[in-house]
Amino acid sequence: MINDMLKKIFGDIRAENPSLSQEEFDKLQRAVEEQVKKEPPPRVAFIGEAGVGKSTTLNVLFNAGQEVSHFEACTQEEAAFDVEVAKGVIRIYDMPGLGESIEKREKHLETYKRVLENIDVALWILDAQYRAIESIQTYLSREIKAINSSIAERMVFVLNKVDLVHPADWHPLANVPSEEQKRNIEARINDVKKKIREAVPTWKGDVIGYSALRYYNLPQLFLAMLEAMPRGRRWVLTDRKALADFLEKVDERVRPLQSRPQNKTPEEQVTELLENMTEEQRAGLLKNNESVHSFFSRLMKNKGHKKE
Amino acid sequence: MSATTYDQLSSAERSRIEAMVKSQLDSMDTANRQIVQRTRESLAYYVANAIQATAAFLGYAIALPLAYAEMIVERFVDGFKEGWNAAFDEIRRTRNT
């Protein structure tokens, strides 16, 4: 996606500068492309108690696979590490839990100050089942504002495990909440929004309800992350985007007709795949035999199939 | 719900379930379109800034398409607002200590 967009942008700029020689423009384009390649990876802070679903969320947003089976449980200071995901590297900051003790508060404040001023976006993950947001609200109003009120605007508050919200009767075929669940999820979201705004009145963000395990509302979650990021850095996150497929959890019999498996032969499936590739992908694929093997191995891995 | 139960569903119920899935997919499609739009804007903003800086460094004059140039103007305005707010945050913090 990014390469195709870049081509279009350079095309637009070239059209605006007909008097610039091709050599001069190529020089400019190469310099900018070099800069694009060297752009630091996205820096994402994951904030939340152990067991709230941080590593699962990372996996379903970026296909980290077995690289991150669980976050290092670390309550002393943040764990920062580069994670190799399907489409590149992401720098992850696993932030310590909140409200542990008054003694640890000063240390945590230092940690937050150090990390939050240098990240692109912070994902604050809450368990949709639990109502205990009071400690977070207190923390927000006192500590985060003391660092920088604009930091709070870089935070995305998300409720994971919405499939377990009362009465926990998630639709097994459609992979969506029941009507009653939907109402309760909305109520929880509005409650959390209200409490955050009480703590940080300038906060203009949204609260997203999702389920990492059910692959539910992942594009909505990703969009919220993008909107909280600095404008010039959003493309870097999208470059790593590899959302798990919601339809995988939907019974085939209730999927829209065009998304149901159509029993194509392997040859038909490969032909369709090749037709949907960009020129650059096709050129890369045809470079040599090893590229073909790597390409299909990566494709199978992304689709959750075992490598042969 | 087992396969047997699905087969026992009325066609009205099956349609209702299919509509639930379609509604969710529509919501996801809207989000996906906005992701593409934000990404496109972000990359254009990044490239516009980078190409201007690089051209200046190399001594070339470069004109940007109007839409890209407007983004750079917005950056200066946003940057000014951010600086203004940060200055007032600091004043408030100093007063409260």
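User: How many residues of helix 8 (residues 218-228) of chain A are buried?

Analyst: 10 of the 11 residues in helix 8 of chain A are buried, so the helix is mostly covered. A residue is buried if 20 or more other C-beta atoms lie within 10 Å of its own, exposed if 12 or fewer, and partly exposed in between; the C-beta atoms are placed from the backbone. Helices (H or I, at least four residues) and strands (E, at least two) are DSSP runs, numbered from the N terminus. This is a predicted model: local features need pLDDT of at least 70, side-chain atom pairs count only at pLDDT 80 or more, and totals for chains, interfaces and linings use all residues. Residues are numbered from 1 along each chain as its sequence is written, while chains are lettered from A and ligands numbered from 1 in the order in which they are written.

User: Which residues of helix 8 of chain A are buried, and what do they pack against?

Analyst: They are A:Leu218, A:Pro219, A:Gln220, A:Leu221, A:Phe222, A:Leu223, A:Ala224, A:Met225, A:Leu226 and A:Ala228. Within chain A they pack against helix 3 (54-62), strand 4 (121-127), strand 5 (155-160), strand 6 (207-209) and helix 9 (234-238). Helix 2 of chain B is also a partner. Contact here is a C-beta criterion: two residues are in contact if those atoms, placed from the backbone, lie within 7 Å.

User: What are the helix and strand counts of chain A and of chain B?

Analyst: Chain A has 12 helices and 6 strands. Chain B has 3 helices and 0 strands, in the order α-α-α along the sequence. Buried residues are 32% of the 308 in chain A and 16% of the 97 in chain B. In chain A, among contacts between residues at least 6 apart in sequence, 67% join residues at least 24 apart.

User: Which residues of the largest nonpolar core touch the most other members?

Analyst: A nonpolar core is a set of buried Ala, Val, Leu, Ile, Met, Phe, Trp, Tyr and Cys residues joined through C-beta atoms within 7 Å. The largest one holds 80 residues, and A:Ala45, A:Leu123, A:Val156, A:Val158 and A:Met225 touch the most other members. The top contributor is helix 2 (residues 11-58) of chain B, with 12 residues.

User: Where does A:Ala45 lie, and why does A:Ala45 count as buried?

Analyst: A:Ala45 lies in strand 1 (residues 43-47) of chain A. A:Ala45 counts as buried because 23 C-beta neighbours fall inside 10 Å. Beyond four places in sequence, A:Ala45 touches A:Tyr93, A:Met95, A:Val115, A:Leu116, A:Ile119, A:Ala122 and A:Leu123. For A:Val158, again leaving aside neighbours within four places, the contacts are A:Leu123, A:Trp124, A:Ile125, A:Val207, A:Ile208, A:Tyr210 and A:Leu221.

User: Where does A:Ile119 lie?

Analyst: A:Ile119 sits in the loop between helix 4 (102-116) and strand 4 of chain A. A:Ile119 counts as buried because it has 21 C-beta neighbours inside 10 Å. Not counting residues up to four places away, A:Ile119 touches A:Arg43, A:Val44, A:Ala45 and A:Tyr93. The C-alpha atoms of A:Ile119 and A:Ile151 are separated by 9.5 Å, at 32 residues apart along the chain.

User: How many residues does the contact take from chain A and from chain B?

Analyst: The contact takes 40 residues from chain A and 37 from chain B. On the chain B side, helix 2 supplies the largest share, 28 residues. That side divides into 23 nonpolar, 7 polar and 7 charged residues. The classes: Ala, Val, Leu, Ile, Met, Phe, Trp, Tyr, Cys and Pro are nonpolar; Asp, Glu, Lys and Arg are charged; the others, Gly among them, are polar.

User: At what angle do the axes of helix 2 of chain A and helix 2 of chain B cross?

Analyst: Two packed helices are described by the angle between their axes and the distance between the axes. Axes are lines fitted to C-alpha atoms, for helices over the stretch in contact, and angles run from 0 to 180 degrees between N-to-C directions. Helix 2 (residues 22-38) of chain A crosses helix 2 of chain B at roughly 125°, and the axes come within 9 Å. That makes the pair oblique; angles under 35 degrees are roughly parallel, over 145 roughly antiparallel, 65 to 115 roughly perpendicular, and the rest oblique.

User: At what angle do helix 1 (residues 2-16) of chain A and helix 2 of chain B pack?

Analyst: They pack at about 50°, with axes 10 Å apart. They are therefore oblique to each other, and the crossing is right-handed. From helix 1 of chain A come A:Ile2, A:Met5, A:Leu6, A:Ile9 and A:Ile13. They meet B:Thr39, B:Arg40, B:Leu43, B:Ala44, B:Val47 and B:Ile51 in helix 2 of chain B. This contact divides into 9 nonpolar, 1 polar and 1 charged residues.

Definitions and conventions
Left-handed = near helix turned anticlockwise from the far one by under 90°.
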